Amino acid sequence: MQKLHSKQQQWMPILFLAPAVILFSLYVIFPIAQSIWLSFFEWDGLGEKTFVGLSNYFELFSDEQFWTALINNLYWLIFFMLAPPIGLLLALFLNQKVMGIRFVKAMFFFPFVISQVVVGLVFSWFYDPSFGLFNKAIELFGFQPIAVLSDEHWVTFGIIVAGLWPQIAYCMILYLTGLNNLSPDQIEAARLDGAHGWKMLRHVILPQLKPATFIAIVVTVIGALRSFDLVATMTSGGPFGSSSVLAYFMYEQSIFNYRAGYGAAIATILFLIMDIYIAYFLWRMLKSEKA
Amino acid sequence: MFPTPVEKKSLPFNISYRVAIWVALFLWLLPLLAVLMTSARSTADLNAGNYWGIPTQWMFLQNYTLVFTQTPMLRYLLNSLIITLPAVIGAVSLSTLAGYALAKFKFRGRIGLFAAFIAGNFVPFQILMIPVRNLTIDMGLYDTASGLILFHIAFQTGFCTLFMRNFIVGLPDELIEAARVEGVSEWQIFRHIVLPLVRPALAALAVLIFTFIWNDYFWALVLVQSDEVRPITAGISALKGQWMASWQLISAGSIIAALPPVILFFAMQRHFIAGLTLGATKG
């Protein structure tokens, strides 16, 4: 009996894991390797593949569109980093127990729940040069209307603002939960010591919010690098490719221009950039696992 | 509690705070309110440039009826459900099994496997795009709901396994050990001891990934193309191209597309936030 059991304990985890591992390998792990492999070929997606070595990458580095997309991704990364601090501010603002606050918090979270396609539509409407709310607002301050989404200097920032809307909501919820779990003893002790306001926030509250900050930054970085839906719905990368990001550029090259190998090379670059963050996240996660 | 509760402050401060939160909320949701208002306008109003005033006619019902009768919107909604529900059930089931194995059994390569699930969950979709598309075509599942469902199950399994594993690891070992000593089979242990204990996590997870899958746009573009299978995200963006100037219809369509996850969120708010913030308080 005992023997049967220890045997069961050996093969049961394999059975438990098998369906997930098989499907996950088939759809996630192998495709990563396949894409990297594919990036060394010239391929229209249907016919014969021709091995071309690194030439897709060389072409990429001299492709202006690639640099535009890469720099836009950098803008996304930098400006998306506003989401955690603004989310924290909102959370501090809303962390009260007045009437109706539950509803207010839920409504603030709203933008995160709706699809990015809808967010994109909402903001296209918001930016519309002739009647959009944005131009109505800047007219009040005496500025000329700007066609944000067809101006190559503004377009990426316009889309980033749209992306920040749900991202801030996400960070806010993370921080609200964090604020809920603060240790009251520490706060009381700090209050008795005369700490309040900024000092309290800086030295007592923020250290306790560290886990929330960590998650907020991770999801924000991933969100910034994954930006696709908004670019696709709001501008399709235009005008003249000026709002493209690597994710959209890759899609465009593989689906519309039938350049699967080239697309795979773009995806590989994006993957390598993302790897830095994935590695960092894993390292943190596994470290806390051992502790 | 931080910041100091407003109740402890002066009366004027209290009143201004209570007003300020509603004003802030109004501003925060203004872009959305504009769309909501537009969905109730008539063509005449929009042509006359009445975008912000009170609509001369309230066309709320007419516009929404039009969207449902004149466009495949109902079909899209149904497609989204047909895709999302099985995908949620599939991903949650697979990951509960996998999460349990990773949390409560000791075997070689356990950490590596867990790390692979976490890492896979963060990769950019584009690195999967071409192979997954080809795989789907080769299996004859291109432009079918099953093709999308299978992919969503597989991909979401990464996040879900991370989630379930972290939840199950916190359950007491003694229960499982005791059952083993009693001679209960491993499957029975999973079925009758583990499963009832993870029920709250299952609810949180299901609500959360329902929203993720419902809101997916990229894979809907890559793996399907016809109106018969297209989910609502891809549907609404296709309609946008056809309607061009009919902003009241686009607005109504957007509101309809947003509604199901919103309803779910309000109905299961506690679970939803518990799911989203798991790990934000520890780890």
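These legends walk through close-up views of a predicted model. Local features need pLDDT of at least 70 and side-chain atom pairs pLDDT 80 or more, while totals for chains, interfaces and linings use all residues. Residues are numbered from 1 along each chain as its sequence is written, chains are lettered from A in the order in which they are written, and side-chain values use heavy atoms, leaving out hydrogens and water.

**View 1. Helix α3 of chain A and its buried face.** Helix α3(A) covers residues 64-80; helices here are DSSP runs (H or I, at least four residues), numbered from the N terminus. Its 17 residues reach 24 Å from first C-alpha to last, close to the 24 Å expected at 1.5 Å a residue (1.5 Å times one less than the number of residues). Among the buried residues are Phe66(A), Trp76(A) and Phe80(A), where buried means under 20% relative accessible area, exposed over 50% and partly exposed in between (1.4 Å probe, protein chains only). The buried residues of α3(A) fall within an arc of 145° seen down the axis, so they line one face of the helix.

**View 2. The cap on α3(A).** Look for Asp63(A) at the N-terminal end of α3(A). A side-chain oxygen of Asp63(A) lies 2.9 Å from the backbone nitrogen of Gln65(A).

**View 3. Leu11(B) in helix α1 of chain B.** Leu11(B) counts as exposed, at 62% relative accessibility.

**View 4. Phe105(B) in a loop of chain B.** This loop runs between α5 (73-104) and α6 (110-120). Phe105(B) is buried, with a relative accessible area of 3%. A separation of 57 Å lies between the C-alpha atoms of Phe105(B) and Phe60(B), 45 residues apart along the chain.

Note on methods
Helices (H or I, at least four residues) and strands (E, at least two) are DSSP runs, numbered from the N terminus. The arc is that of the directions from the helix axis to the C-beta atoms. A polar contact is a pair of N or O atoms within 3.5 Å; within protein, one must be able to donate a hydrogen and the other to accept it, and residues adjacent in sequence count only if both atoms are side-chain atoms.
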